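Hi everyone, thanks for making time this morning. I'd like to walk you through one model, so let me put it up on the screen.

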Amino acid sequence: MKIDWAALGSVFGVSLVFTVGLVTLFTLGVNGLSRREKAAAQGGSATLAVTGAYVCFAACAAAVAYGIHLIVAKA
């Protein structure tokens with residue numbers, strides 16, 4: 001059995017980068033929703049923050065759907 005260490009390292013690196021990116025997007029979405037709560041408490045509006053949060057959540061959902069598509073397409 002021969003292990004291709006370069007390919008294994010490449011898969012690890014790409015997985016790490018995309019995982020950190022997806023977690024960052026989700027965190028930005030949660031942050032945007034919390035800004036809405038702060039603005040509502042102060043009597044203001046945070047339309048841009050909420051829109052950004054929904055865009056972040058949509059991007060997360062699209063990334064997950066694409067990953068599932070890649071897994072199912074190989075089966």
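Val17 sits in helix 1, where helices are DSSP runs of H or I with at least four residues, numbered from the N terminus. Before I go on, this is a predicted model, in which local features need pLDDT of at least 70 and side-chain atom pairs count only at pLDDT 80 or more, while totals for chains, interfaces and linings use all residues. Residues are numbered from 1 along each chain as its sequence is written, and side-chain values use heavy atoms, with hydrogens and water left out.

Back to Val17, then: is this residue buried or exposed? Val17 counts as exposed, because its relative accessibility is 58%; the cut-offs are under 20% relative accessible area for buried, over 50% for exposed, and partly exposed in between, with a 1.4 Å probe and protein chains only. From Val17 to Thr27, 10 residues along the chain, the C-alpha atoms are 15 Å apart.

Now some other members of helix 1. Val20 belongs to this helix too, and with 48% relative accessibility it is partly exposed. Its C-alpha lies 32 Å from that of Met1, 19 residues away in sequence. Gly9 is another helix 1 residue, partly exposed at 39%, and 20 Å separates its C-alpha from that of Leu22, 13 residues along the chain.

Let's move to the packing. Helix 1 and helix 2, which covers residues 47-74, pack at about 155 degrees with axes 8 Å apart; the axes are lines fitted to C-alpha atoms over the stretch in contact, and angles run from 0 to 180 degrees between N-to-C directions. Helix 1 is therefore roughly antiparallel to helix 2, a label for angles over 145 degrees. Val30, in helix 1, is partly exposed at 42%. Between Val30 and Ala49, 19 residues apart along the chain, the C-alpha distance is 9.9 Å.

What about charges? The structure holds one salt bridge, meaning a side-chain nitrogen of Lys or Arg within 4 Å of a carboxyl oxygen of Asp or Glu. The partners are Arg36 and Glu37, at 3.7 Å from N to O. In general, side chains of opposite charge can pair when their charged atoms come close. Arg36 is partly exposed, with a relative accessible area of 35%.

Last stop, the surface. Leu8 lies in helix 1, residues 5-42, and is partly exposed at 47%.

That's my tour, and I'm happy to take questions.

How values were computed. Helix = DSSP H or I, 4+ residues; strand = E, 2+ residues; numbered from the N terminus. Parallel < 35°, antiparallel > 145°, perpendicular 65-115°, else oblique.
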